[in-house]
Amino acid sequence: MRPVSAIPVLLLAASIFTAPARAGELRNFEDAALHAVQFVDKAEGWAVGDDGVVWHTIDAGKVWERVPSGVHASLRSVCFLNPYFGWIAGREELAEGGSAGVLLCTQDGGLTWKRVLANTLPGLNAVRFADEKTGYLLGDGSDQYPSGLFVTGDGGHSWQPVPGPRVPSWLAGDFSDGNGGALAGAWNRLGTIRSGKAFTVDMDSLGGRNLCGLQLHGKTGVAVGQGGL
């Protein structure tokens with residue numbers, strides 16, 4: 001399977017969004033739905049959501065300030081490897097059907113965000129890193145990328161599709177080390193990534209419910225989903 005891009009995506013080569021909020025962005029962002037939150041320490045945290053909103057706090061959540069992201073997409077996941085280097089993943093729904101992935105990166109502690117792999121990925125729901133080199137993108141399966149999964153082994157400079165069966169969409173995952181992890185997704189689907197390949201389990205007994213969250217603890221895992229699942 002060919003890589004996402006024939007040329008590795010160099011983060012420093014992408015354009016950086018440094019301009020202040022444009023006139024078209026001056027809306028009531030306080031009402032935008034939020035989908036993910038992460039604290040990099042006890043004081044500094046990030047939250048992301050619809051309309052491209054990115055919120056930042058440095059006082060343990062007492063005050064939040066919006067940081068321009070340069071996009072209007074639904075941002076679904078945020079992952080900081082350290083206080084300076086972080087990722088945001090999301091999606092744009094297309095008028096003709098399907099979705100397009102949105103992947104943002106910062107190398108300056110979130111002062112500026114740049115979009116990478118624009119118009120290349122299917123819709124994304126999660127970005128997770130097992131360590132500073134190994135990371136995963138989880139999203140919709142497509143004709144070009146059936147598994148809806150992508151992996152990097154060089155800290156995000158380049159991303160490769162993970163071989164595996166066609167799936168509707170992965171919604172959550174947990175990766176305890178660089179060797180793989182567990183997946184949860186739409187339509188009662190669970191899965192794993194092992195040895196660079198994706199494997200799925202279709203849990204028909206769950207009645208088609210989406211699994212929206214997943215956490216591993218040693219050899220034990222817990223998944224949660226729709227209808228109190």
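**Cysteines, ring pairs and a surface patch**

C79 counts as buried, because its relative accessibility is 9% and the cut-off for buried is under 20%. The model is a predicted one. C105 is buried too, with a relative accessible area of 1%.

Now turn to the aromatic rings. A pair of rings is described by the distance of the centres and the angle of the planes. The whole structure holds ten aromatic pairs. Take F85 and W87: their ring centres are 5.9 Å apart and their planes meet at 70°, so this pair is edge-to-face. F85 is buried at 16% relative accessibility. W87 is buried as well, at 0%.

F129 and W159 make another edge-to-face pair. Here the centres are 6.1 Å apart, with 80° between the planes. Where do the two partners sit? F129 is in strand β9 (residues 124-129), while W159 is in the loop between β11 (149-152) and β12 (160-161). The pair therefore ties together parts that are 30 residues apart in sequence. Both ends are covered: F129 is buried at 12% relative accessibility, and W159 is buried at 3%. Ring pairs join F85, W87, F129 and W159 into a cluster.

F39 lies in strand β1 (residues 34-39). F39 counts as partly exposed, because its relative accessibility is 36%. Together with V37 and W64, F39 forms a nonpolar surface patch. The accessible area of the three residues together is about 270 Å².

Note on methods: Residues numbered from 1 in each chain as written. Predicted model: local features only at pLDDT ≥ 70, side-chain atom pairs only at ≥ 80, totals over all residues. Heavy atoms only, no water. Patch = residues over 30% accessible without salt bridge, like charges linked within 9 Å, V, L, I, M, F, W, Y side chains within 5 Å. Areas by Shrake-Rupley, 256 points an atom, 1.4 Å probe, with all protein chains shown as cover. Salt bridge = Lys/Arg side-chain N within 4 Å of Asp/Glu carboxyl O. Helix = DSSP H or I, 4+ residues; strand = E, 2+ residues; numbered from the N terminus. Buried < 20%, exposed > 50% of the residue type's maximum accessible area, 1.4 Å probe, protein only. Phe/Tyr/Trp six-rings, centres within 6.5 Å; stacked < 30°, edge-to-face > 60°.
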